[in-house]
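Work through the exercises below with the structure in view. Try each task before reading its solution.

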Amino acid sequence: GINAEYGGGISHNLNFRSSYPHTDESGAKEITTYIQNDARTVDYIWYTNHDNTPQNCAHGHSCIAECRESVLLCDATRRLLTKPELNAMGRLPNEKYGSDHQAIQSWFTMYSEPEI
């Protein structure tokens with residue numbers, strides 16, 4: 001379906017999730033681009049995993065002894081600046097950040113149940 005929140009978009013039933021929570025520890029919204037008066041997240045690192053814990057399989061059910069599915073775990077992401085932080089230093093690009101997008105980066109671990 002179409003998402004009208006940002007003027008259109010595409011949705012699907014695939015089990016993708018973003019490696020970024022899109023808010024910082026205080027709940028402030030992180031953004032990936034801030035051009036003129038338009039601050040939003042448009043850059044993502046998508047991956048498949050039901051809930052990002054080794055107790056659940058990538059296909060979404062609770063692991064049982066017979067299940068040996070590997071699970072991709074997102075361990076960490078590069079911190080993104082929030083809109084207030086970018087307001088304080090100037091919109092993108094600026095003297096500190098030469099691009100109109102913040103760099104995004106995620107670290108992953110492949111978790112797999114050991115063979116018994």
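Phe-108 counts as partly exposed, because its relative accessibility is 31%; buried means under 20%, exposed over 50%, and partly exposed in between (1.4 Å probe, protein chains only). The model is predicted: local features need pLDDT of at least 70, side-chain atom pairs count only at pLDDT 80 or more, and totals for chains, interfaces and linings use all residues. Residues are numbered from 1 along each chain as its sequence is written, and side-chain values use heavy atoms, with hydrogens and water left out.

**Exercise 1.** Find how many aromatic pairs the whole structure holds, and classify them.

*Solution.* Start with the rule: rings of Phe, Tyr and Trp (its six-membered ring) pair if their centres lie within 6.5 Å; planes under 30 degrees apart are stacked, over 60 edge-to-face, the rest tilted. The search finds 2 pairs. Take Tyr-44 and Trp-46: 4.8 Å centre to centre and 20 degrees between the planes, a stacked pair. Now take Tyr-47 and Phe-108: the centres are 5.1 Å apart and the planes at 65 degrees, so this pair is edge-to-face.

**Exercise 2.** Which strands hold Tyr-47 and Phe-108?

*Solution.* Strands are DSSP runs (E, at least two residues), numbered from the N terminus. Tyr-47 is in β4 and Phe-108 in β6 (residues 106-111), so the pair ties together parts 61 residues apart in sequence. Check the cover next: Tyr-47 is buried, because its relative accessibility is 4%.

**Exercise 3.** Is Ser-19 buried or exposed?

*Solution.* Locate Ser-19 in the loop between β1 (16-18) and β2 (33-35). Its relative accessible area is 8%, so Ser-19 is buried.

Notes
Helix = DSSP H or I, 4+ residues; strand = E, 2+ residues; numbered from the N terminus.
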